[in-house]
Amino acid sequence: MGIQLKERYEAVGKEMGAVGRMKLAMLTKMSSTAAADAEDSAGNLKLVDDAILQLRKAM
Amino acid sequence: MRISAKLIGITLGSAVIVTGLVLSLVVEIRSVSTGYTHILEGPARQATEARQVQVDFKVQVQDWKDILLRGENPQDLAKYTLQFHEQEAKVKAEARALAGRTEDPATRQLLNEFLTADDALSARYQAAYDVYLNQHFNFRAADALVRGQDRGPSSLFDKVVEQLDARVAAAAAAEQAKTIRQLILILLVVGGLFLVDSIVYCSVLFGVIKRLGQLKAVSDRLAVADIEGLAIDISGHDEIGAIGDSLKGVEAALHELLAVHAH
């Protein structure tokens with residue numbers, strides 16, 4: 001399942017707080033619960049990584 | 001395809017159809033105008049000319065009668081003789097010109113028969129005129145030679161006029177039938193295109209209304225954070241699809257918010 005994806009959400013939570021996780025969910029259109037159920041596919045990982053980069057740029 | 005692109009396409013399609021309709025009607029009006037001009041310059045004009053010849057022929061006969069009635073006076077004799085010959089020449093010239101112009105073989109045949117009969121009548125008039133002068137203005141003897149002789153050519157010319165009038169009526173009827181046929185064709189083609197355009201328009205319109213309804217239902221649930229079991233299934237590559245996609249982000253963010261608060 002989406003272990004790597006879930007780890008990324010948790011990392012964002014630590015880095016940017018609850019608002020960061022919400023924004024990440026909004027950008028990826030996938031909540032952390034949905035990410036945990038999703039596959040750690042290259043496409044999903046890239047989607048989340050790109051969204052994190054976008055959030056970091058916006059900070 | 002974007003909704004705006006579809007609407008622009010439908011509008012342009014309608015504009016092309018309307019332009020096509022206007023152009024077709026302009027072409028049709030020109031065609032009708034040309035057709036009736038051809039009738040007016042052809043058979044109708046010839047019918048009018050034929051009536052003029054008919055009148056001139058009757059004037060010629062009247063001049064002959066004036067010679068007989070008033071020929072004892074030398075001045076009147078000279079006057080009516082000149083008028084008679086001028087009228088005679090005029091009738092022949094007009095009939096020949098008409099025979100040369102008419103495109104209808106039957107009318108031309110009648111005109112040629114008239115010209116032959118008129119030549120024979122001219123010879124009889126000349127013989128009667130000679131008798132009139134030689135017998136000291138004996139109008140009875142002169143009249144006896146030509147009495148009723150003008151009826152043959154006159155009758156032939158009546159037929160010419162009838163023939164030309166019939167041609168005018170037939171040409172006008174043919175033109176009218178052609179116009180009706182072409183108008184029906186234009187209306188069928190343009191009506192068909194309008195029907196297709198309307199079907200496409202209605203299809204786009206009902207699609208947009210239906211998907212806007214779905215969008216509103218999702219939006220209403222998101223507005224009250226009622227996201228349990230919410231499935232946003234508003235796809236498509238248009239503006240509504242893009243809004244639906246954005247609402248998936250909002251839904252995910254709400255889920256995340258609830259998850260954060262749950263911990």
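Predicted model: local features only at pLDDT ≥ 70, side-chain atom pairs only at ≥ 80, totals over all residues.
Two residues are in contact if their C-beta atoms, placed from the backbone, lie within 7 Å. Chain A has three helices and zero strands, while chain B has six helices and zero strands.

- Reading chain A along its sequence gives the pattern α-α-α.
- Chain A has 59 residues, and 34% of them count as buried.
- From its N terminus on, chain B runs α-α-α-α-α-α.
- Chain B has 263 residues, of which 18% count as buried.
- Take the contacts in chain B between residues at least 6 apart in sequence: 69% of them join residues at least 24 apart.
- For chain A, the corresponding share of contacts joining residues at least 24 apart is 68%, again among residues at least 6 apart in sequence.

**Helix 1 and helix 5 of chain B**

- Helix 1 of chain B covers residues 3-70, and helix 5 of chain B covers residues 151-223.
- The axes of these two helices, helix 1 and helix 5 of chain B, come within 10 Å and cross at roughly 175 degrees.
- Angles over 145 degrees count as roughly antiparallel, so helix 1 of chain B is roughly antiparallel to helix 5 of chain B.
- Sorted by class, the contact of helix 1 with helix 5 of chain B has 30 nonpolar, ten polar and eight charged residues.
- L40(B) counts as partly exposed because it has 14 C-beta neighbours inside 10 Å.
- Although L40(B) and V168(B) are 128 residues apart along the chain, their C-alpha atoms are separated by 8.4 Å.

**The largest nonpolar core**

- This core has 24 residues, and A50(B), V53(B), A95(B), L111(B), F114(B) and V160(B) have the most contacts inside it.
- Helix 1, helix 2, helix 3 and helix 5 of chain B each supply at least two residues of the core.
- Helix 3 of chain B gives the most, with eight residues.
- Leaving aside residues up to four places away in sequence, V160(B) touches A50(B), T107(B), L110(B), L111(B) and F114(B).
- Apart from this core lies another, of 15 residues, and among them are A35(A), V48(A), A253(B) and L254(B).

**Helix 2 of chain B**

- Helix 2 of chain B spans residues 74-101, and its 28 residues should span 40 Å at 1.5 Å a residue.
- The end C-alpha atoms of helix 2 of chain B are 40 Å apart, so the model agrees with that expectation.
- The buried residues of helix 2 of chain B are Y80(B), F84(B), E88(B), V91(B), A95(B) and L98(B).
- An α-helix has 3.6 residues a turn, so residues three or four places apart point the same way.
- The buried residues of helix 2 of chain B pack against helix 1 and helix 3 of chain B.

**Helix 6 of chain B and the meeting of the chains**

- Helix 6 of chain B, residues 239-262, has 24 residues.
- From first C-alpha to last, helix 6 of chain B reaches 35 Å, close to the 34 Å expected at 1.5 Å a residue.
- The buried residues in helix 6 of chain B include I240(B), G244(B), E251(B) and H255(B).
- The buried residues of helix 6 of chain B pack against helix 1 and helix 2 of chain A, together with helix 1 and helix 5 of chain B.
- Between the chains, ten residues of chain B are in contact with 13 residues of chain A.
- On the side of chain B that touches chain A, six residues are nonpolar, two are polar and two are charged.

**Two loop residues to look at**

- K29(A) has its place in the loop between helix 1 and helix 2 of chain A.
- Phi of K29(A) is near 60 degrees, a positive value in a residue other than glycine.
- K29(A) is partly exposed, because 19 other C-beta atoms lie within 10 Å and a buried residue needs 20 or more.
- F137(B) has its place in the loop between helix 3 and helix 4 of chain B.
- Phi of F137(B) is near 60 degrees, a positive value in a residue other than glycine.
- With 16 C-beta neighbours inside 10 Å, F137(B) counts as partly exposed.

Methods. Residues numbered from 1 in each chain as written. Chains lettered and ligands numbered in written order. Helix = DSSP H or I, 4+ residues; strand = E, 2+ residues; numbered from the N terminus. Buried ≥ 20, exposed ≤ 12 C-beta atoms within 10 Å, placed from the backbone. Nonpolar A, V, L, I, M, F, W, Y, C, P; charged D, E, K, R; others polar. Expected span 1.5 Å × (residues − 1). Core = buried A, V, L, I, M, F, W, Y, C linked by C-beta atoms within 7 Å. Axes fitted to C-alpha atoms, helices over the stretch in contact; angles between N-to-C directions. Parallel < 35°, antiparallel > 145°, perpendicular 65-115°, else oblique.
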